[in-house]
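Please look over the structure below before reading on.

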Amino acid sequence: MIYIQGITDFKIEEPTAVTLGKFDGMHRGHQKLVKRIRELESSGVKSTVFSLNKNRQDALLTSEEQRMVIEKMEVSYLVDCPFLPEISRMEPEEFIRRILVEQLNARYIVVGNDFRFGYNRAGDSELLKKMQEFYGFRVEVLGKEQHKGQIISSTYIKQALDKGNMELVNDLLGYPYFIAGEVLHGRHMGGKVFGMPTTNLIPVSAKRLPPNGVYVSRTVYDGKIYPGITNIGYKPTIGENFRGVETHIFDFDKDLYGEEIQVELLSYERPEMRFNSVDELRMQMQNDIAFGKEYFHGQ
């Protein structure tokens, strides 16, 4: 996959099948669009995702995480375009001509039925259809994916995430919700004090996280998956001034400091709590581990 990021003056020479949007979460509805442009590659075009990065805050996926998910879908191009004034103030007709036709070289355009674009969101799929004969591209408008009668959207997923309902979140996403990053040095208390070594990630502030607490998790490292449990929060018994993601991987003793990992959250166990002593915390951690292992044993 060719990744174009942070610029507005890109140019793709090959003819493309394009889908456009913010793609926060790359959920099952977004995947439906991507699947279609992948199918259109049989017509001799390159599948292209145009992601408009409009102040990506409070996001289900960071820019890097979005790239990781889309790359697995085997598209040819990902354009992560910044939402600069030169883009945001572009009239819909100009957006079609400059971005879709001249820069993306679009032969097919695949969008959802609520797709809007251009200044004040004045452009829609009907305008695209009106312009397709003039510019020689073809427009396909796909219906929304649903879950039990409700349209799948980033808002719906965030509502489930805020409740810690990871089973629903992962069903709506079509893959496990995850936090990706480099393993950082913590206080080294997991192994030395508790006898339970841990990995530590500090998510970027733009990443939307579920409630603080303990989760059954899987860690993806070097192409392999390892079961474990993860605490999200400030570790109030010990006291931290940042919100971290700390994971104990079951029966794993490799040093991962400085390595890139993904922590997938599968199920919420309990809220984060303050304990009266380190011994109480150690006992609870042992219970958490037992809970996690029982979870995986039942899978």
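The points below take the pocket, then the helix packing.

This is a predicted model. Its largest pocket holds about 1,100 Å³ of space. Two helix contacts follow: α6 with α7, roughly antiparallel, and α4 with α5, oblique.

**Largest pocket**

- The space in the largest pocket comes to about 1,100 Å³.
- The lining counts 43 residues, and the closest to the pocket centre are Gly 21, Lys 22, Phe 23, Phe 115 and Arg 121.
- Strands and helices both contribute: β2 (16-21), α1 (28-39), β3 (46-53), α3 (85-88), β5 (106-112), β6 (116-117) and α6 (154-162) each give two or more residues to the lining.
- Helix α1 supplies the largest share of the lining, with four residues.
- By class, the lining has 16 nonpolar, 15 polar and 12 charged residues.

**Helices α6 and α7**

- Helix α6 packs against helix α7 (residues 166-173) at an angle of about 160 degrees, and the axes lie 8 Å apart.
- An angle over 145 degrees counts as roughly antiparallel, so α6 and α7 are roughly antiparallel to each other.
- The crossing of these two helices, α6 and α7, is left-handed.
- From α6, the contact uses Tyr 156, Ile 157, Ala 160 and Leu 161.
- From α7, it uses Met 166, Leu 168, Val 169, Leu 172 and Leu 173.
- The contact of α6 with α7 has nine nonpolar residues, no polar residues and no charged residues.

**Helices α4 and α5**

- Helix α4 (residues 92-103) and helix α5 (residues 125-135) cross at roughly 55 degrees, and their axes come within 11 Å.
- That angle makes α4 oblique to α5.
- The crossing of α4 and α5 is right-handed.
- On the α4 side, the contact residues are Pro 92, Glu 93, Ile 96, Arg 97, Leu 100 and Val 101.
- On the α5 side, they are Leu 127, Leu 128, Met 131 and Tyr 135.
- Eight nonpolar and two charged residues make up the contact of α4 with α5, with no polar residues.

Methods. Residues are numbered from 1 along each chain as its sequence is written. This is a predicted model: local features need pLDDT of at least 70, side-chain atom pairs count only at pLDDT 80 or more; totals for chains, interfaces and linings use all residues. Side-chain values use heavy atoms; hydrogens and water are left out. On a 1 Å grid over the protein atoms alone, a cavity is a set of points where a 1.4 Å probe fits but cannot get out, and a pocket is an open set with protein on both sides within 12 Å along at least five of seven lines; lining residues have an atom within 4 Å of a point. Grid points are joined across faces, edges and corners, and a volume is the space filled by probe spheres set on the points. Ala, Val, Leu, Ile, Met, Phe, Trp, Tyr, Cys and Pro count as nonpolar, Asp, Glu, Lys and Arg as charged, and the others, Gly among them, as polar. Axes are lines fitted to C-alpha atoms, for helices over the stretch in contact, and angles run from 0 to 180 degrees between N-to-C directions. Angles under 35 degrees count as roughly parallel, over 145 as roughly antiparallel, 65 to 115 as roughly perpendicular and the rest as oblique. A crossing is left-handed if the near helix is turned anticlockwise from the far one by less than a right angle, and right-handed if clockwise. Contact means heavy atoms within 4.5 Å.
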